[in-house]
Structures are given as C-alpha cells and as structure tokens.
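Hello,

Here is the structure we talked about handing over. Please open it first, then read the notes below.

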Amino acid sequence: MTELIEIKNLNKSFGTNHVLRGIDFTVSQGEVVCVIGPSGSGKSTLLRCVNLLEQPEEGQVFVRGEDITDRDCHLDDARKHIGMVFQQFNLFPHLNVLANCTIAQTTVLRRSAAEAEQVARANLDRVGLNDKVTAYPAQLSGGQQQRVAIARALSMDPAVMLFDEPTSALDPELVGDVLTVMRKLALDGMTMLVVTHEMAFAREVADRVVFMDDGVIVEQGPPAEVIGNPSHERTRVFLKRVLDPTHVEPT
Ligand SMILES: Nc1ncnc2c1ncn2[C@@H]1O[C@H](COP(=O)(O)OP(=O)(O)O)[C@@H](O)[C@H]1O
Ligand SMILES: [Mg+2]
C-alpha cells in the first residue's frame, strides 16, 4: 500500500496550550479516514498542519513521500495536491460559481481559461450543480455552497481531500446532499481525511476511524470496532454523548 500522507510525531502548541502531542499516523492511497473526537481535541489543527495552514513546531508531514514541513519545500507546490473543504465553505463572495471553481486553476495551475472552465463544469456536474454556474454564493443554500466548495477543490485535481466538519454549519435537511456527494467521491476512489460528527456516515463510508482526544490519537481502526465496539473508556464516553446528546455521565 502506498502511503499518501505520513505524519510523524507531530507537535503543535498555541502559547502554552499543547494542542497536538506527538501524532503519528498515515493515510493510504484511496483510503477514507474519518477523524472523530470532542471539540478542542485538535482535529482542525491536525488538518491545518497537513496543508500547512499551521506550522508544527516538531514532527514531519510527508505528502507522497515529500516532507512538506521541510523549509526547502515549496509551499504552493505541496498544497496543490491537497484539497481542503471547511465548515464555513469560504467561497469568494464576489465571484460566481464558475469563477470560484476556475480562479485557482488559472492562477496556481496556469491552466487556460477554456480548460479551467471545462474542468470546473465537469466537477460542478459531479456535485449536481451544473445549473448554478452563473449564481453567486449568496444566492445559494448552505448545502449548495458547500458542494461548490467541493467542486472547487476537486478542480485542482488533488491527490487527497481534507474535510473539516463539512456539514456542521448546515441546516439538518441540507446535510444529506453534501454527504451523498462525499460518499460518491469515496466510491470513485478519492483519498479522503474527514473530520466529522456524522457517525452514520463514518460507519458506512470510512475505511478507518481515528478517535482523538486532548491532542493524541486514543484509538483507531475499522468503524465497526472504534464506533461499534470501542476499547477505550474515553471513546465510549464521547460516543455516548454524540449518539445521545441527552445522555449525562454519572459523576
Ligand atoms: N489559531 C489558534 N490560536 C490559538 N489557539 C488555537 C488556535 N487554533 C486552535 N486553538 C486551540 O487549540 C485547541 C484545539 O483546537 P482545534 O484544533 O480547533 O480543535 P477541534 O477542531 O478538535 O475542535 C483548542 O484549545 C483551541 O482553542
Ligand atoms: Mg474543529
């Protein structure tokens, strides 16, 4: 198996807050890995270190064997291979849907306008939004905006897609459309690292689930084990809380 992402002894602090405490893990080509864990456990920071939106103090991140934390590594080149989808969509509000999906292609990848448009349209088709190319983000629902964000990331032909709670900002009735698009991507063989609280999605789509708490990986494995039959008390407590929000731990 080819390791697409390899993370070694990753450490990140914000001031005295030691947020990532020696994270080691890998994502293989074609693998779908879901990261779960309580708020504040370091999930977003981990994703942000993988595309160097945060610089770790210690440890290394290899993408396709290249150490992107090496100071000689060219950041834009490294990031080209990594698509990122955020909770808050982060579309360009002044650009229409098509332009949102072409701008980085023409500026970063130096594709011609015609080629960029062709690629963008194909990806907008994939996420079911080919009828919205001339719309502006403000004219779309949250679920549609998130699907544009996915099409935009896909248009860069990434080797891996990172998702940071892609459905957490959506009204409940819009979550399904986004998860459907993500499920399809997974079936197409896309390598995906997904931070999510959607346990049903993780159970169905993930090849592996990683449970993080307090800056460390507590346990990881197939969803049926980590979600279905966790071996650590911390995982059990977290899952109870997520699966039954009314549950109160006895003190
Ligand atoms: N840019 C930042 N500056 C300072 N502290 C931060 C920053 N980003 C995250 N943190 C802190 O790092 C910890 C982990 O945050 P985060 O990675 O966002 O967790 P999660 O995504 O699991 O909720 C939290 O204590 C958070 O307050
Ligand atoms: Mg987060």
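**What I found**

The side chain of serine 28 makes a polar contact with the side chain of glutamate 3, at 3.0 Å. A polar contact is a pair of N or O atoms within 3.5 Å; within protein, one must be able to donate a hydrogen and the other to accept it, and residues adjacent in sequence count only if both atoms are side-chain atoms. Serine 28 sits in strand 2, residues 17–28. Its relative accessibility is 5%, so serine 28 counts as buried. Buried means under 20% relative accessible area, exposed over 50%, and partly exposed in between (1.4 Å probe, protein chains only).

A word on the source. This is a predicted model, where local features need pLDDT of at least 70, side-chain atom pairs count only at pLDDT 80 or more, and totals for chains, interfaces and linings use all residues. Residues are numbered from 1 along each chain as its sequence is written, chains are lettered from A and ligands numbered from 1 in the order in which they are written, and side-chain values use heavy atoms, with hydrogens and water left out.

Now the whole chain. The protein chain has nine helices and ten strands. These are DSSP runs, numbered from the N terminus: helices are H or I with at least four residues, strands are E with at least two. The radius of gyration is 18 Å, close to the 18 Å that the globule rule gives for 251 residues, so the chain is as compact as a globular protein of that length. That radius is taken over C-alpha atoms, and the rule is 2.2 Å times the number of residues to the power 0.38. Buried residues make up 52% of the 251 residues.

Next, helix 3, residues 97–107. Its buried residues include Val97, Leu98 and Cys101. Helix 4 (113–126) and helix 5 (142–154) are among what covers the buried residues of helix 3. Cover here rests on contact, meaning heavy atoms within 4.5 Å. Asparagine 96 caps the N-terminal end of helix 3. One of its side-chain oxygens lies 3.1 Å from the backbone nitrogen of leucine 98.

Last, two backbone angles. Most residues other than glycine have a negative phi. Asparagine 9, in strand 1 (residues 3–14), has a positive phi near 45°. Asparagine 9 has 34% relative accessibility, so it counts as partly exposed. Aspartate 157 also has a positive phi, about 50°. Aspartate 157 is in the loop between helix 5 and strand 7 (160–164).

Best wishes
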